[in-house]
Amino acid sequence: MSNNIASMLKQLRYTSHVSVKQAASRLKQYDIDISPKTIYGYESGLSMPNADVFVALCQIYHTDHPTASIENECLHTKSMPFSQEELSFLYDFKALDSFGQDIVRQILEHEKERIRQQQST
């Protein structure tokens with residue numbers, strides 16, 4: 001995982017005055033059950049949250065800090081690799097029901113495999 005994303009997640013959590021334990025607890029409202037240790041892993045760059053977790057964390061941090069826009073944080077941090085279109089995609093993905101999200105995941109896996117095959121030839 002990019003250390004830039006890790007440091008951004010940590011910075012947003014600090015700015016929002018949310019503890020790791022509070023973040024893990026609030027993620028349960030999004031039907032995401034992860035431990036505080038996992039969040040530390042995201043913030044240290046040892047692992048990367050999936051799209052559901054990333055969007056939920058952004059919403060949690062944004063809610064607790066209403067003067068900061070998560071989109072502005074992401075777009076105006078030079079090290080953040082997400083464009084407005086990519087952020088919009090994440091929010092659109094989150095708005096889908098589980099069936100729609102599964103379809104998108106299947107398409108992404110199919111496309112990643114297609115690219116891997118192209119690169120190996």
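Modeller: A quick note first: Ala, Val, Leu, Ile, Met, Phe, Trp, Tyr, Cys and Pro count as nonpolar, Asp, Glu, Lys and Arg as charged, and the others, Gly among them, as polar. This model is predicted, with local features needing pLDDT of at least 70 and side-chain atom pairs 80 or more, while totals for chains, interfaces and linings use all residues. Residues are numbered from 1 along each chain, and side-chain values use heavy atoms, without hydrogens or water.

Colleague: Thanks! Which helix gives the most to the lining of the largest pocket?

Modeller: Ala51, Phe89, Leu90, Phe93 and Leu108 lie nearest the pocket's centre, among 12 lining residues. Helices H4 (51-64), H6 (84-95) and H7 (98-120) each give two or more residues to this lining. With four residues, the top contributor is H6.

Colleague: How many residues of that lining are charged?

Modeller: Eight lining residues are nonpolar and one is polar. The charged ones number three.

Colleague: How is H2 oriented relative to H3?

Modeller: H2 (residues 20-27) and H3 (residues 36-44) have axes 8 Å apart, at an angle of about 110°. Because angles of 65 to 115 degrees count this way, H2 and H3 are roughly perpendicular.

Colleague: How many charged residues sit in the contact of H2 with H3?

Modeller: Contact means heavy atoms within 4.5 Å. Residues of H2 including Val20 and Lys21 meet residues of H3 including Tyr40 and Glu43. Seven residues in this contact are nonpolar and none polar, while the charged ones number two.

Technical notes: 1 Å grid on protein atoms, 1.4 Å probe; cavity = no way out; pocket = protein on both sides within 12 Å on 5 of 7 lines; lining within 4 Å. Axes fitted to C-alpha atoms, helices over the stretch in contact; angles between N-to-C directions. Parallel < 35°, antiparallel > 145°, perpendicular 65-115°, else oblique.
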